[in-house]
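Dear colleague,

Here is the structure you were expecting, and below it I have set out what was found where the chains meet. Please read the notes with the model open beside you.

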4 protein chains.
Amino acid sequence: MNGNQFGRLFRVTTYGESHGPAMGATVSGVPAGLELSEEDVQRELDRRKPGQSMITTSRGEPDAVVINSGVQDGYTTGTPIGMVVQNKDARSGKYEPFVTAPRPSHGDFTYSAKFGTRNWGGGGRSSARETVNWVAAGAIAKKINERFGIEVKAHVNQIDDIVAPDVTFEEMVEHTEENPVRCAHPETAETMRERIDEYQQEGDSIGGSIYFETRGVPRGLGAPRFDSFPARLGQTMMAIPATTAFEFGLGREAREVAGIDRNEDWEFDDSAERSSADDASGDKPRGDPTPVGNDHGGIQGGITTGEPIYGEVTWHAPTSIPKEQTTVDWETGEEKRIQVVGRHDPVLPPRAVPVVEAMLHCTILDFMLLAGRVNPDRLDDRPGEYDTDYHPSSPQNDPDGADTHAEPTED
Amino acid sequence: MNGNQFGRLFRVTTYGESHGPAMGATVSGVPAGLELSEEDVQRELDRRKPGQSMITTSRGEPDAVVINSGVQDGYTTGTPIGMVVQNKDARSGKYEPFVTAPRPSHGDFTYSAKFGTRNWGGGGRSSARETVNWVAAGAIAKKINERFGIEVKAHVNQIDDIVAPDVTFEEMVEHTEENPVRCAHPETAETMRERIDEYQQEGDSIGGSIYFETRGVPRGLGAPRFDSFPARLGQTMMAIPATTAFEFGLGREAREVAGIDRNEDWEFDDSAERSSADDASGDKPRGDPTPVGNDHGGIQGGITTGEPIYGEVTWHAPTSIPKEQTTVDWETGEEKRIQVVGRHDPVLPPRAVPVVEAMLHCTILDFMLLAGRVNPDRLDDRPGEYDTDYHPSSPQNDPDGADTHAEPTED
Amino acid sequence: MNGNQFGRLFRVTTYGESHGPAMGATVSGVPAGLELSEEDVQRELDRRKPGQSMITTSRGEPDAVVINSGVQDGYTTGTPIGMVVQNKDARSGKYEPFVTAPRPSHGDFTYSAKFGTRNWGGGGRSSARETVNWVAAGAIAKKINERFGIEVKAHVNQIDDIVAPDVTFEEMVEHTEENPVRCAHPETAETMRERIDEYQQEGDSIGGSIYFETRGVPRGLGAPRFDSFPARLGQTMMAIPATTAFEFGLGREAREVAGIDRNEDWEFDDSAERSSADDASGDKPRGDPTPVGNDHGGIQGGITTGEPIYGEVTWHAPTSIPKEQTTVDWETGEEKRIQVVGRHDPVLPPRAVPVVEAMLHCTILDFMLLAGRVNPDRLDDRPGEYDTDYHPSSPQNDPDGADTHAEPTED
Amino acid sequence: MNGNQFGRLFRVTTYGESHGPAMGATVSGVPAGLELSEEDVQRELDRRKPGQSMITTSRGEPDAVVINSGVQDGYTTGTPIGMVVQNKDARSGKYEPFVTAPRPSHGDFTYSAKFGTRNWGGGGRSSARETVNWVAAGAIAKKINERFGIEVKAHVNQIDDIVAPDVTFEEMVEHTEENPVRCAHPETAETMRERIDEYQQEGDSIGGSIYFETRGVPRGLGAPRFDSFPARLGQTMMAIPATTAFEFGLGREAREVAGIDRNEDWEFDDSAERSSADDASGDKPRGDPTPVGNDHGGIQGGITTGEPIYGEVTWHAPTSIPKEQTTVDWETGEEKRIQVVGRHDPVLPPRAVPVVEAMLHCTILDFMLLAGRVNPDRLDDRPGEYDTDYHPSSPQNDPDGADTHAEPTED
């Protein structure tokens with residue numbers, strides 16, 4: 001069965017199991033001319049990799065990425081980028097007791113029931129180890145998005161019932177990576193860390209959530225209906241292992257807010273930098289309409305408004321816990337008591353922060369391509385590249401020159 | 001741009017604007033041999049159509065469906081089913097003030113900014129009128145799902161801060177359609193109705209949410225990762241106009257639940273009806289493992305467990321309200337005060353109940369087809385149909401006979 | 001089952017059977033701002049419709065198209081365009097003898113064997129009547145392509161063993177529509193018509209082929225490998241009912257040509273109009289490399305070279321013939337002699353000329369969108385449309401102005 | 001841009017350039033339970049690999065495949081299969097003269113013009129080296145198809161103007177691999193080899209074609225219209241590098257055949273093995289209708305009839321030839337004479353035989369899955385696999401037992 005790819009023009013296809021030989025991602029839809037190195041990808045993988053702190057699994061994976069194609073002399077060539085990350089520290093032996101006795105609330109039984117078999121070493125294909133592929137793809141999307149002034153940031157805003165106070169985008173950028181919990185509010189991060197320790201010492205685990213926000217996503221992304229921005233983002237976020245809720249804008253709270261309170265009046269945006277463009281075109285008396293607030297979360301009618309997009313994603317507690325639980329062995333027909341000892345995260349959001357950011361970057365870039373805002377063929381970055389008269393010289397990327405053969409011949 | 005279709009094997013493609021000539025849906029992936037009439041579809045459309053009560057828009061649309069293809073002599077033929085619903089009561093004139101002055105928090109401006117123009121009569125393509133197409137498609141999916149024992153039900157479980165107490169699936173089936181709010185708890189429904197009236201009389205609107213639940217969805221639906229059951233359901237639900245949150249299982253609450261509390265032990269399911277199958281196969285000493293609870297919401301590792309799937313979807317308050325608001329006219333460059341008077345719903349979930357059910361049916365059937373549980377070619381219902389030796393006589397549908405040429409030739 | 005759509009960004013979804021109530025096409029991916037009327041579509045449908053001459057079926061179908069969505073005030077809005085053509089002259093009664101006795105070499109038996117049933121009135125879904133939908137979609141693609149200087153023309157170059165001499169593109173444009181055979185060489189057309197008459201009078205039918213050619217398709221369309229230009233065009237042409245061969249460039253003859261004879265040297269294109277662009281950019285000493293010939297058929301490495309694309313498509317003889325043939329009745333178990341009398345074409349290519357042109361237009365436009373050469377959101381044609389600072393003012397369409405917010409922020 | 005994947009349920013995604021680090025294929029849609037080893041894949045790769053004889057390139061590639069995922073203990077697990085083949089003998093240095101001076105009739109210039117850059121080592125992404133990925137995927141499809149009695153064979157039936165006489169399927173199986181030309185008619189093969197030698201010694205190359213045929217493809221594969229069997233097969237074959245024509249059945253010759261000659265009467269198939277099934281079902285007086293001939297090439301109405309599918313694919317002469325040719329250098333603005341010396345095939349079909357077979361296997365399996373004839377989740381081969389009461393025990397694969405929870409509840 002399929003299920004190993006997402007994206008329409010920026011398309012990511014993946015493979016790999018947590019204790020198999022390697023993880024792999026194939027990324028198509030990357031325009032030529034982007035400067036890209038394995039280090040660019042590695043930087044993001046290092047943020048996701050295990051063993052970063054006491055509150056993450058101690059599995060010793062270097063997560064070293066190798067790029068097999070699509071890059072030449074340090075620049076992308078427009079062809080698919082194949083990446084591989086070897087699994088180095090797979091120790092599947094300790095999972096043998098669970099081959100025919102499913103761990104509580106894992107995918108063990110659903111996989112075995114569906115497929116008749118499964119990669120029983122660790123979570124196999126259902127393991128969050130798969131997200132190494134997503135972060136690798138996101139690293140490429142991020143490099144492109146940044147060229148267009150798009151920024152994305154996420155931080156852990158709740159663990160158990162500890163809720164972080166609201167923080168600004170700048171605080172998220174500054175503080176998130178400073179602590180192992182990846183909460184941008186340092187004091188709350190410390191409280192969260194202590195709470196996580198408590199669960200861990202009890203052999204238990206706990207849930208949490210991530211808040212995300214964007215800057216610079218242009219107006220007009222998202223297609224009416226099934227390819228609306230929230231529909232695609234919702235799919236992507238709910239594909240992350242162990243997520244149980246996706247919200248954007250006021251999210252779940254919107255149910256208790258009156259129309260007059262949530263609705264936002266329009267005013268003209270007469271800021272200097274925008275009006276200069278108006279002067280040039282000369283066809284509008286004022287700047288663009290702009291909403292007075294952002295309870296709409298950057299999306300109206302399924303299409304981005306140009307305001308920041310923000311929302312939350314929730315994770316349930318990790319299911320791998322040392323506490324004693326009961327299962328049944330379908331081969332012997334006997335009940336048994338088990339303990340899932342191993343190298344597991346006691347809480348998921350801290351390591352999921354780069355995953356959420358990666359999925360946002362991939363989703364945004366896909367929409368940028370669909371809206372014709374990124375030249376799908378080339379970025380015109382590479383020195384000495386060929387410029388053909390036939391080819392539009394990337395007007396999307398180069399606002400000044402647009403000598404294109406593809407100009408309309410009418411009117 | 002695309003965005004007008006969803007589903008992989010059961011695929012729905014739509015068109016239509018709220019004040020255009022007609023709405024249309026093309027449904028492909030319907031096996032041949034299903035008994036299907038326009039009345040089957042009409043029954044569901046009537047549940048969604050406007051003008052059903054005081055708390056819904058008074059727009060007078062009969063929403064009469066015409067089937068243009070794919071059905072012969074009362075049975076489907078396996079070819080695409082084209083359906084059209086004419087718009088009869090479009091009065092777009094009253095929207096003229098808003099052509100160049102966007103209504104607050106509608107898609108007016110994002111559409112105009114993206115496309116340079118828009119169907120300014122009502123919400124155009126962003127109108128919830130589009131869901132008439134979805135309900136039509138869902139009616140077909142429902143007929144097939146029911147053959148396999150699959151049931152789906154939704155009801156309004158919260159309006160403003162009025163929360164309905166938990167109800168059983170049977171109560172949902174029995175009571176939801178009895179009141180205009182479509183809340184399965186009659187007393188709460190009455191309280192909700194009064195609250196809605198209050199908002200309506202103030203020229204305001206309010207948000208709310210829907211709880212949904214399934215019965216009979218078999219184990220094993222959903223593919224690992226991007227086609228996981230929650231990923232696809234999340235996409236579908238977030239495509240419904242005005243939704244801001246999607247949750248399944250414990251949803252947003254999962255963040256505060258410990259692993260040991262959410263995890264569910266396994267026990268054997270030794271119920272009579274299942275063990276009979278075991279006796280036949282003789283290869284398992286006991287019935288299937290079954291979880292002791294359903295905090296997992298019917299899904300583990302992205303794949304259905306066979307337990308009920310349940311969750312919630314949240315709607316923000318309708319943005320069309322008679323209360324005075326401020327906007328700007330981009331043509332004149334002037335601010336102006338406006339009132340969106342017209343025929344609008346003061347709250348969305350009551351009419352969205354059949355939409356949520358339709359989208360669940362479509363999503364489930366799509367997964368049923370992908371898992372090989374529904375014969376994609378034929379249902380073998382039609383009397384006198386041709387049975388070929390070459391063709392597998394629909395083993396998926398007929399558990400007794402499976403004379404198929406397509407049998408493996410090895411072992 | 002699917003199978004009723006093609007295209008990736010310009011996507012056409014269809015339904016309808018030859019004797020069902022109506023045919024329908026939904027076209028998504030049409031940018032906003034295109035001037036479009038039902039007459040634009042009707043003009044092309046009239047070229048395909050039956051009853052145009054003695055050598056086409058006499059079925060009396062006006063093939064009048066109705067546009068149900070996606071157009072407002074004469075311009076497209078960027079939302080899906082739904083079109084319906086009612087079937088007016090369906091007389092399925094005469095097909096009753098064939099319900100359980102398949103006509104030789106039709107799809108009767110494969111449909112019944114696959115689906116257990118079929119629309120037995122005429123060819124049902126397998127009828128070439130379906131191509132009315134394709135021509136409707138192609139009419140829209142053509143309007144857009146023409147704005148970019150792209151032209152497409154096809155004519156009948158062989159019927160039976162009568163081969164038309166080579167004609168120029170201009171001759172094809174001028175002469176093809178002058179005769180009922182649609183052969184651009186008038187004398188050959190007359191010979192072909194006589195030959196067709198002979199077959200028709202004998203109650204028989206005959207095969208033939210179409211030659212197609214393009215002008216103005218820009219360099220750079222087509223993605224490496226499975227989305228190469230010939231791969232997608234091959235799929236499209238082989239989807240046309242009754243086609244048995246697709247060739248481009250030297251086609252089947254290429255097997256007998258040596259590398260040195262087929263290979264084409266490169267020279268500089270120093271034509272005046274191109275070098276002006278060179279002067280502007282100043283980064284190339286000469287014009288673009290250009291091949292000295294076009295045995296490559298406008299495609300190298302799966303990507304267009306800017307030279308004309310040309311090729312041939314072959315149709316087998318129509319299977320509906322009045323001559324007596326033998327079949328079997330699977331219900332009675334008896335052989336029987338039948339005659340397929342009715343209103344049938346004695347040869348297919350003449351009516352397929354507009355179909356081939358339509359499919360070329362759809363395929364080319366899809367590639368234009370994928371290459372970022374057509375703004376997917378808007379064409380900027382509509383008077384008074386909204387121009388937002390956020391939105392790139394369609395640099396693809398307007399080579400002069402490109403004030404875009406989406407400019408890269410680096411370098 | 002995309003273009004690196006094909007298939008709908010059996011989906012292959014690829015990457016790699018001829019002189020890049022490695023080639024890679026990700027195959028999704030492989031049911032669990034298939035016995036699969038690297039040797040199974042290697043066997044097919046060895047048939048395609050370079051250096052097999054004097055008439056193939058002498059590039060020294062072992063083409064050793066590594067399977068990175070989707071297989072455990074020798075059986076597939078239902079998750080994506082990631083494969084990598086390292087490029088060992090890349091010597092891109094000799095291509096340096098061509099970086100800014102495109103070789104005649106290669107993809108050099110179209111790639112550079114489209115992307116601004118390209119992998120200039122060898123053909124980069126446009127190289128036929130990519131087909132190593134396709135053959136790897138086809139090896140998996142073949143293993144599954146063989147279980148269902150499906151066989152595929154291809155051989156070289158024409159080189160230059162040397163045409164092989166018709167051969168039987170059995171002769172193709174027996175003789176094709178015996179000679180380096182891969183022509184199943186030994187004497188013709190020898191003549192072809194001599195002719196190829198002549199071209200090679202002149203520093204030239206020549207075209208040719210492949211004939212393919214199937215056995216055991218069941219009736220009912222292919223969906224009406226765009227997913228018809230010939231449409232999908234046409235796409236696949238035209239995606240193979242350097243192909244210029246695709247034909248099936250009578251192919252191009254069909255244009256000269258009368259309807260009465262091509263049409264095939266129906267008779268009952270009363271062969272013993274089929275009638276036994278009839279006896280069991282008891283609902284038909286005779287065996288299935290079967291056509292008296294196979295001019296239709298195994299496909300009617302776009303759907304397979306159960307008869308052998310056959311056709312031809314044509315390749316133009318390889319464009320890499322040592323003979324002196326002229327090109328231009330876009331950097332210097334000068335013409336220059338070049339010779340493409342290196343390790344190149346003087347003719348393509350001999351090495352393309354396993355590629356055609358692979359693409360046929362992939363296409364057929366994809367259709368088998370779409371028609372519900374192969375259980376998409378599992379093949380029930382693996383010893384000791386889990387059999388759940390909920391899950392249909394693969395009725396597609398096991399005609400005897402079908403204890404399924406997914407049975408219809410009506411009738």
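**Contacts between the chains**

Across the interface of chain A and chain D, two salt bridges are found, a salt bridge being a side-chain nitrogen of Lys or Arg within 4 Å of a carboxyl oxygen of Asp or Glu. In one of them Asp377(A) is joined to Lys114(D), with 3.3 Å between the closest N and O atoms.

Before going further, please keep in mind that this is a predicted model, in which local features need pLDDT of at least 70 and side-chain atom pairs count only at pLDDT 80 or more, whereas totals for chains, interfaces and linings use all residues. Residues are numbered from 1 along each chain as its sequence is written, chains are lettered from A and ligands numbered from 1 in the order in which they are written, and side-chain values use heavy atoms, with hydrogens and water left out.

**Chain A with chain D**

Between chain A and chain D there are 18 residue pairs in polar contact, both residues being at pLDDT 80 or more; a polar contact is a pair of N or O atoms within 3.5 Å, where within protein one must be able to donate a hydrogen and the other to accept it, and residues adjacent in sequence count only if both atoms are side-chain atoms. On the side of chain A that touches chain D, the elements giving two or more residues include strand E2 (11–15), strand E3 (22–28) and helix H2 (108–115) of chain A, helices (H or I, at least four residues) and strands (E, at least two) being DSSP runs numbered from the N terminus. H2(A) gives the most to this side, with six residues.

The contact takes 56 residues from chain A and 56 residues from chain D, contact meaning heavy atoms within 4.5 Å. The two chains bury about 4500 Å² between them, 50% of it on carbon and sulfur atoms, where buried area is the accessible area (1.4 Å probe) that two parts lose on being put together, summed over both.

Chain A can be laid on chain D by a turn of 180 degrees and a shift of 0.0 Å along the axis, with an RMSD of 0.0 Å, when copies are superposed by least squares on the C-alpha atoms of residues with pLDDT of at least 70 in both. That is the relation of a two-fold axis, and in chain A the C-alpha nearest the axis belongs to Thr13(A), 3.7 Å from it. Because 100% of the interface residues of chain A are also interface residues in chain D, the copies meet through the same surface.

**Chain D with chain C**

Here 108 residues of chain D are in contact with 108 residues of chain C, and about 8600 Å² is buried between these chains, 59% of it on carbon and sulfur atoms. Arg225(D), Phe226(D) and Arg255(D) supply 12% of the area that chain D buries against chain C, more than any other three residues.

Eight salt bridges are counted between chain D and chain C, including that of Glu247(D) with Arg255(C), whose closest N and O atoms are 3.4 Å apart. There are also 59 residue pairs in polar contact, again with both at pLDDT 80 or more, and helix H6 (residues 229–239) of chain D provides the largest share of the side of chain D that touches chain C, seven residues.

Strand E11 (residues 243–248) of chain C pairs with strand E11 (residues 243–248) of chain D in the antiparallel sense over three bridges, pairing requiring that DSSP finds at least two bridges between the strands. In this pairing Phe246(C) stands opposite Phe246(D) in E11(D).

With kind regards
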